[in-house]
Amino acid sequence: MRKALSLVLIAVFLVSLLGGLTVVPSVKAVAQEVTYNLGTEPAAIDPAITTGIPEANIELQVFDGLTRIDNNNMPQPAIAKSWTISKDRKTYLFTLRDAYWTNGTPVTAYDFEYAWKRALSPEVASEYAYQLYYVYGGEAFNTSIKVGSKYYVQAVDAKGNPLTKKEGDKDVPVPDMKKEIDPSKNIGVKALDAKTLKVYLQSPTVYFLNLTAFPTLMPVCKAVVSTNDKWADDINTYVTDGPFKLIEWSHNEKLVFVKNPTYWDKDKVKLSKITYYMVEDESTALSMFQSGQLDAAANVPTSELPKLVASGEAQIFPYLGTYYYRFNVTKKPFNDVRVRKALLLAINRAGITQSITQGGEVPALAFVPYGIADAIPGSDFRKASQETFYKDNDIAAAQALLAQAGYPGGKGFPAFSILYNTSNRHKAIAEAIQQMWKKNLGITCTLKSEEWGVYLDDESRLNYNVARAGWIGDYMDPNTFLDMFVTGGGNNQTGWSNKSYDALIAKAKATTDPKARMATLHAAEKILMTDMPILPIYYYTNPVLLSKSIKNFYQSTLGFVDWKNAYMG
Amino acid sequence: MLKFILQRVLSMILVVLIVASATFFMMRLLPSGPFAREKKLPPEIIKNLEARYHLDDPLWKQYVDYMKNLLRGDLGPSFKYKNRTVNNIINDGFPVSAALGAVAVFLAIVIGIPLGIWGALRQNGWQDNLVMFIALLGVSVPNFIMAVLLMLIFALGLHIVPAAGWGTFKQIILPAFTLAGYPIAFLARLVRSSMLEVLRQEYITTARAKGLSERLVIFRHALRNILIPVVTVLGPLIAAVFTGSFVVEKIFAIPGLGRYYVTSINDRDYTTILGVTIFYSALLVLMNFFVDLTYAWLDPRIRYVERKVS
């Protein structure tokens, strides 16, 4: 017995030795796992109601829309395998491929119809519902009044003003009971069958296929969401259709994703696991990156950026945004275009980007940034017509304009302040500009730093002289930068109003021909850059801490990260 | 005693209700609101949001509704974290902050008190100077400097502990020491000065005259008497440390409650501002109540009897 046992042991030993020898020591496969710092706890993960970039960077991993933006910023077929567009570019007919939700049920056109109407319904109160206003009837439905289970248009008085009535101490809008909105009939999205989605737009929207890749337009699983309005609170009911699947959410700490085995394009997905941390402090994230706890991070401390870029640990990505100052054109002396222009010309933008921001930002000599396609594929809106509208640091011209405006050498220029929200970066830039105006124009101004909410409030009530602002595009079209300055627009906030500008923006919205449309938008920008209610400073960039072992990393110019095609090498 | 407890509990509830009401109205005086964004929302969407969160009701009605819900223990939905309630946020964050706080308080007690005693016993000696120096450092070095220094030395320099994060024991060490820095210094100073005072008392002279060993004199006779001031500060200290620190949690990326004291105000997340303020004040009055109860146990001269007015 003992002999037999020892024989067996020897046999086992030999076999294992042999086995050990035959295995050729190979290069150990790199674990396809990545850790990324999202920077903050998401406000929510329901694609219909979120607006932020961190939220989008979660939703884009777990959802797949009709289209998906590829690494060249172009929309590609995703859940929709093909589509046809009508001649007037208002009707889209999408054909869906065979795709599945994480609960195993098929993704259907009904899910899209349901998701879009849900995002538009007034009771869901989606902040980004306006991303669906392009769909016929979308805005009317979103602004309707619910009475019982029906929706009505708000009644108007003889002058066309919306009617409200007092109910106790509360002003409630009055519905016009003759004008019902039936979401099943009056909205331009309809599932013809499980695989065909018909979309009818309010007006031709050339970037509509970009929008269908946007979080607000993601499908949701009708069977789950319609029966459980808390579906996105719990990862067990968080049914999704994207390349990855969320398996853990520890609030303020981390989110863990794994590759989704039911994803239609799973063969292209190489990462097996993604961990998002929510480290708010940029320096802490850098320490974690340097000690190997993080492979990538969304934010980089400005002071360390040049060093990190030089060492290859940080990369600078383009970002569709402009950092600028607003003038309050309702206030003297900023109601004078010569004053605005003088202030605009008298600053040295290159100096600011080189010694303060240091993130490879480009001095802005117009408002719409680089990176948006013009009418011809491959062209850039910025370069297509007029690339710049003025010279940087044009002190002589600035002084002449100021003298014309009646303030030679800055004499008699009223006291004013630059308003910004409390932040070291905004402060450093404002201090530099204060110095430049003082030195170049002889104008003295003070700095006014305000807490975020107070600053927003003062800006929207035009309670400022000159105020810092920033704008990041919502979609890759110049319209996202230009339509904000229409008269009374919520994001105008300068008091500026120009009828021909308003007319051009309205015309661009209704124009189908891409060339004519872009020409109209160029004309609009020209008016904006002639009247100068704003003072563009630089075009944003988006620096990311990125380990060299991450390959095929993609971050769109809107700041959206997509890990679908990334891998570790 | 029972009557005392009952009275205290009633006054505690009253204090919390006053804090809640004052916060409710003061908060609404702040400019701007929870739906102000850099990218302005269209007015109709703000209207939908206000209807959803009942912010379109008159203020008095919002107040009454809030108070009704508060009495049922419901702190309402967060305006910022749309899928979460404030109860949810506190349930998630408080255990983390409290665990970290417990370690910090433990460190403060086992380091601060002995340091103070040691300094007092060697008054004006080098040991005393050392203790006072440590105490001075602890009180004057801000915790964000301490945090960064500790992280630089122990995480990036020596690689003993991870730089930041939460979940393992090693990740507690740096933030706990950072958080304990001030309490250690504060306790050491407090213990030292009260120890010095106690050592001059006649009953210590008596104890020594009886021929008791120095150890017995210190541990049986002096220590118990220096505990009164220590317990007095420990109550509010525990309440403060257990509910988390914004700075420490931010620097060490800890998913605690401390962050919300600051971020909720920036976000104008009304319900969260109220929720964490009420939670903190409730904990504070509760700790003070325990402190009062402990007095009676520590010092037989303190008894909560009804004072008879003759």
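Trainee: Where does A:Pro301 lie?
Mentor: This is a predicted model, in which local features need pLDDT of at least 70, side-chain atom pairs count only at pLDDT 80 or more, and totals for chains, interfaces and linings use all residues. Residues are numbered from 1 along each chain as its sequence is written, with chains lettered from A and ligands numbered from 1 in the order in which they are written. Helices (H or I, at least four residues) and strands (E, at least two) are DSSP runs numbered from the N terminus. A:Pro301 lies in the loop between strand S16 (296–297) and helix H8 (305–310) of chain A.

Trainee: Why does A:Pro301 count as partly exposed?
Mentor: A residue is buried if 20 or more other C-beta atoms lie within 10 Å of its own, exposed if 12 or fewer, and partly exposed in between, with C-beta atoms placed from the backbone. A:Pro301 counts as partly exposed because its C-beta neighbours inside 10 Å number 16.

Trainee: Which residues are in contact with A:Pro301, leaving aside its neighbours within four places in sequence?
Mentor: Contact requires C-beta atoms, placed from the backbone, to lie within 7 Å. With neighbours within four places in sequence left aside, the partners of A:Pro301 are A:Glu282, A:Ser283 and A:Leu286.

Trainee: Which residues have the most contacts inside the largest nonpolar core?
Mentor: A nonpolar core is a set of buried Ala, Val, Leu, Ile, Met, Phe, Trp, Tyr and Cys residues joined through C-beta atoms within 7 Å. The largest has 159 residues, and those with the most contacts inside it are A:Trp116, A:Ala297 and A:Leu545.

Trainee: Which residue stands opposite A:Tyr152?
Mentor: Strand S7 (residues 150–154) of chain A pairs with S10(A) in the antiparallel sense over 3 bridges. In S10(A), the residue opposite A:Tyr152 is A:Glu180.

Trainee: Which helix gives the most to the side of chain B that touches chain A?
Mentor: In the contact between the chains, 37 residues of chain B meet 41 residues of chain A. Helices H2 (43–52), H6 (143–157) and H10 (246–251) of chain B each supply at least two residues of that side. The one that gives the most, with 5 residues, is H2(B).

Terms used:
Pairing = 2+ DSSP bridges. Contact = placed C-beta atoms within 7 Å.
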